[in-house]
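This report describes selected features of strand pairing and nonpolar packing. The structure under discussion is shown below.

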Amino acid sequence: MSIDLSQFHQVFYEESYEGLDAMEQGLLEMDIEAPDDEVINTIFRAAHSIKGGSGTFGFNQVAEFTHVVETLLDEVRSGHRAMNQSIMDLLLISVDCMRSLLEELQAGDDPDLSQAKDLKSQFESILNSDSEPAESASDGGDNSGGDAVEDNNDTGGKGYHVHFVPEVTLLQTGNEPTRMFRQLAEICDNQMEVVCSFDRMPSLTGMNPEHCYLSWDIKITKAIDRHEIDEIFEWVIDDAEVIITELSGDADSAVNSIEAKSIDSSTPQVETVVEPVEQKEIASIVEQKETAKDPVKVKTKSSPPESSSIRVSIDKVDSLINMVGELVITQSMLGQLGQNFDISRVQRLQEGLAQLEHNTRELQESVMKIRMMPISFVFSRFPRLVRDVSRTLNKKIDLVLSGENTELDKTVMEKIGDPMVHLIRNSIDHGIEMPDVRASAGKSETGTVELNAFHQSGNIVIEIKDDGAGLNKERIHQKAIENGLIDESTILSDEKIFDLIFQPGFSTADAVSDLSGRGVGMDVVKRNIASLNGSIEVSSETGMGSRFVIRLPLTLAILDGQLVRVGEEIFIFPLVSIVESIQMDDTAINKVGGHSDVLQLRDEYVPVVKLNELFSVNIEETAVDEKIIVVVETEGEKMGVVVDELLGQQQVVIKSLEENFKKVEGISGATILGDGTVALIVDVSGLPKMSGTSVKQIESAHKAA
């Protein structure tokens, strides 16, 4: 029986990414002048775990690179080397490198090792240089903070003895004794002897091929740093008995006494002297165990893409199980009512159906909560972003985070990350002034960017604020005129002026840089947010800063919709897109340019389209005043959509057309109604393109007329 290690790959990748996040967060929070021991230990443990896991699964490219990172971190935590800005920067870059290597491996590609090799050379150069002891290490104490055997940095004159008895389930945790023996052989230049004990080996019928029944006594005859041995076994300290003792006096007699203590004389024993790794590969020590285990080789190219997953708290799972239990009880009750049903049981049937509806709604809410995750998963990337961009621009910026525990759907969270990156970079680049400019304006040289999230009216609201110079209304207005977006005579409110920054190609930057000035980004931000059925608002005050407010639905799986009838077909508009619905009045409809219908809605003109014409739906000709116009808004523009009848409002579960059929222009998805019919969900943002009309075209035609 073989163990398919690929089944553990997804967990390894997730834990590794979490470890990299912990490393990055710890490095960003660290005070270089007085680094906290626990923070350094956290960073070290994360690197150590990634290295161990990489070696276990055969990802040697990651393991070898992480080893030098771990070695440098170990020197820092042990007090042999002081942390400085150069080391800090190099470690942050190494986090990015490890993340890139893991992402390429996860995608099934051979990783690009060019950056890793260059960084490894830099690490080795530092490690080979004279170390700089940290003052905090003068007491000689142990900074490991872990559960490993007590650290002892004395090299010892005769070497060490290691008594290693793993739990039988060690292999199932992903740990591999052969790998640890190989590392031991490397640090002691193969100057070690191993005695393997079979005293825990069961009979053949009672053997589990996934268990480890062996134990080992290892004599290391080279004088090495005790800490190097500790860190090899630190990975399994909770899953094994590890006793490390310093050899003294006659080494052979010491080993003999150890053998007498740990191995029963009646048990067959195998003594193996470890030869150079190139010749024996140390695997002969556990040859019989390896034959039974038959580990699977990892093939990077042929491995399929890993699926996404969510970590769910046990409370949410318990709630889901309880809801399913309630549903089963209700179903059983309805089943009994169905037997020998008569008119006298109608009331009980109605009560049972009401209970079923209640249970179904609660079950739905419980399932949706499983997909909900704290937005801290998105927020956690921004401290590094602010640090890197502010250093590039030579600005001083503090990032203030709040509302990190606010939850939203995982799918929404994955798609909102990039728009938020654009907005924060915009605040840093365009908003926050240079330190000398801020000082001359009576401000602190250090600017502030605030990031906040909270729930409001069934939506999640994300605020991005800065205390910079604010948006220059005159500059934006003038640039819009130069780009032909508006006429010189056009008078716009502040809100409309600020909204111009989301127009494609719009930029007020005088020069193109790596960060801004190309006119791409802000229009993408608005488009991406609109694709999530969300909205974005901007407010600003000169000299005081700017504020961007993003409103998003908590989930993309369920939609609050307005049902409408067109002929015999049912369509659904997202409620968030509807401004108002009005009875159609023929006198309020005018032709512009000879072909476009325009509705005069109070003091503005709104283009009108007929839904039956857009989707080729046959309808009965009825009087104009019997029609309904649904006024919707998308990307700041309004449009009137003519339908036959307004039906009810309800929550609908969105089904993807692309996955089940194909992409249909103007339709964002579908849902199944209570009577079993399929209703299409209208993509409001795609209506102007389909109809070939927009507010700008209408205004131009109206002025020409």
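Predicted model: local features only at pLDDT ≥ 70, side-chain atom pairs only at ≥ 80, totals over all residues.

Strand β3 spans residues 215-220, and six of its six residues are buried, so the strand is largely enclosed by the rest of the structure. Its side chains are divided between two directions: Ser215, Asp217 and Lys219 point one way, while Trp216, Ile218 and Ile220 point the other way, and all are buried.

Two strands pair with β3, as set out here.

| Strand paired with β3 | Residues | Sense | Bridges |
|---|---|---|---|
| β1 | 160-166 | antiparallel | five |
| β2 | 192-197 | antiparallel | six |

Individual positions illustrate both pairings. Ser215 of β3 is the bridge partner of Ser197, and Ser197 lies within the residue range 192-197 of β2. Both Ser215 and Lys219 belong to the set of β3 residues that point one way from the strand.

**Nonpolar cores**

The largest nonpolar core comprises 47 residues, and those with the most contacts inside it are Phe382, Ile416, Met420, Ile462, Phe548, Ile550 and Leu552. Helix α15 (residues 410-431) gives the most to this core, contributing eight residues.

Leaving aside residues up to four places away in sequence, Ile462 touches Ile375, Ile416, Met420, Leu451, Asn452, Ala453, Phe548, Val549, Ile550 and Leu552.

Definitions and conventions. Residues numbered from 1 in each chain as written. Heavy atoms only, no water. Buried < 20%, exposed > 50% of the residue type's maximum accessible area, 1.4 Å probe, protein only. Helix = DSSP H or I, 4+ residues; strand = E, 2+ residues; numbered from the N terminus. Pairing = 2+ DSSP bridges. Core = buried A, V, L, I, M, F, W, Y, C linked by side-chain atoms within 4.5 Å. Contact = heavy atoms within 4.5 Å.
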